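Me: I am new to this structure and would like a guided walk through it. Could we begin with the terms and then take the elements in turn?

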Amino acid sequence: MSVQIIPFQQQLPFLGSHLQSMRIVFRRDHPDVSALNPAPIQVPMNDGSGDVMTGIIHTPAEQRFPGLLLVAGHGFGGSAQSAYTRWVTKFFYDLGFAICRLNLRGAGNSRPLCRNNYHGACGDDLIRLWAWLLTAKPPAVPFRVERTYFMGASLSGSILANALAKIDNTNICAPSDLKGVIGGLGICFPFDMAAAVRKIHSVTNWPYLKYFLSKIKPLFAAQPGLDQVTKSAIAAAKSIVEIDNLWTAPRLEFSSAFDFYAHASSRHWVPQTKRPFRIIATADDPLIECRNFLASDWRNPLLEPKLFSAGGHCGLWERGFRYQRHLREALLHVLKLVKAT
């Protein structure tokens, strides 16, 4: 399959890749979702670590599709409180969908409950989440979940790709527990993680690097069981590579950060997807190399790649619309899959 570039009209005044990317940071018009019938959940990882992921499920009084739960993942340094997850939640809740804002392992209020952290190849965590959601009963969840769909932005898109490739050949749980996973959407995630890291560390992208470090360092500072020497070294780190060399690579038994990046790159996982997977990318993403998206193997019929001419990194603020384009893409994908099942 060849990927065609889809023209994209940017929302004024957010023209150009950087303004598209940073609009969600600079503007303070994010929806308040705190009163949308919230129900906190705690998801045990059941991997011997004792770690627990957390989230908040918002259930409309009248569900458009009873038993269906959408899940929104966050990017690097984010959480369930991120502006991105609030936009997603408000959009779908108002349309009658139940939706969960997720804290990946070690993010948000799961931090004191986790001795480990999420990373680009932790698809097993999503598989555990799906299995738990599809077998849990009230009051652990507000309703019996029969089908689920995951939306992953940036790094959580990479995690989704990893999970969808592993979903039917995992030893984590019985495959029958995962039949309700109907698919997912990934937005602006790296197909080559090393290339993405190098691009983030480029001179012109120093504001992004500074922003990411300001978000991720506090998570390590508050990490249970992490020794003070490592905490101090991470606090002094000047790059994401330094942090991954200090923690991620040795923790996962890789020789270096770049050894881990080679393993975690989504180009390995995307062609192996076992569930319908719509993937959104932009040609002007300032953090992700578009050429790696174009060079991917798209022969798997479960894959639906969409490349927009503009939109920046997880921006896609489109002229004439309040909500981002990828939310409408997710809606159309969900409706298609629900109809098919």
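Reply: Contact here means heavy atoms within 4.5 Å. Helices (H or I, at least four residues) and strands (E, at least two) are DSSP runs numbered from the N terminus. The model is predicted, so local features need pLDDT of at least 70 and side-chain atom pairs count only at pLDDT 80 or more, while totals for chains, interfaces and linings use all residues. Residues are numbered from 1 along each chain as its sequence is written, and side-chain values use heavy atoms, with hydrogens and water left out.

Me: Which residues of H5 meet H9?

Reply: From H5, Met 193, Ala 194, Val 197 and Arg 198 take part, and they meet Phe 258, Phe 260, Tyr 261 and Ala 264 of H9. By class these residues divide into 7 nonpolar, no polar and 1 charged. For the classes, Ala, Val, Leu, Ile, Met, Phe, Trp, Tyr, Cys and Pro count as nonpolar, Asp, Glu, Lys and Arg as charged, and the others, Gly among them, as polar.

Me: At what angle do the axes of H5 and H9 cross?

Reply: They cross at roughly 125° and come within 7 Å. That makes H5 oblique to H9. Axes are lines fitted to C-alpha atoms, for helices over the stretch in contact, and angles run from 0 to 180 degrees between N-to-C directions. Angles under 35 degrees count as roughly parallel, over 145 as roughly antiparallel, 65 to 115 as roughly perpendicular and the rest as oblique.

Me: And how do H8 and H9 cross?

Reply: The axes of H8 (residues 240-251) and H9 (residues 257-264) come within 8 Å, crossing at roughly 85°. H8 is therefore roughly perpendicular to H9. The contact of H8 with H9 has 7 nonpolar, 2 polar and 1 charged residues.

Me: Which residues of H8 are buried?

Reply: They are Ile 240, Val 241, Ile 243, Asp 244, Trp 247, Thr 248 and Ala 249. Buried means under 20% relative accessible area, exposed over 50%, and partly exposed in between (1.4 Å probe, protein chains only). The cover over these residues of H8 includes H5 (193-200), H6 (206-221), H7 (228-236) and H9.

Me: What covers the buried residues of H6?

Reply: The cover includes H1 (17-26), H5, H7 and H8. The buried residues themselves are Tyr 208, Leu 209, Phe 212, Leu 213, Ile 216, Leu 219 and Phe 220.

Me: Are S3 and S5 parallel or antiparallel?

Reply: S3 (residues 52-58) and S5 (residues 98-103) run antiparallel and are joined by 5 bridges. Within this pair, Ile 56 stands opposite Arg 101 in S5.

Me: What about S9, which strands pair with it?

Reply: S1 is joined to S9 by 2 bridges, and the two run parallel. S8 also pairs with S9 in the parallel sense, over 6 bridges. Ile 6 stands opposite Phe 308 in S9, and Phe 277 stands opposite Leu 303 in S9. S9 is largely enclosed by the rest of the structure, because 5 of its 6 residues are buried.

Me: How many residues of H3 are buried?

Reply: H3 is mostly covered, with 11 of its 13 residues buried. Among them are Trp 130 and Trp 132.

Me: And the loops, is Ala 310 buried or exposed?

Reply: Ala 310, in the loop between S9 and H11, counts as buried because its relative accessibility is 7%. Leaving aside neighbours within four places in sequence, Ala 310 is in contact with Phe 8, Gln 10, Thr 282, Asp 284 and Leu 316.

Me: Is Asn 169 buried or exposed?

Reply: Asn 169 counts as exposed, at 54% relative accessibility. It is found in the loop between H4 (155-166) and S7. Its C-alpha atom is separated by 9.7 Å from that of Lys 274, 105 residues apart along the chain.

Key: Pairing = 2+ DSSP bridges.
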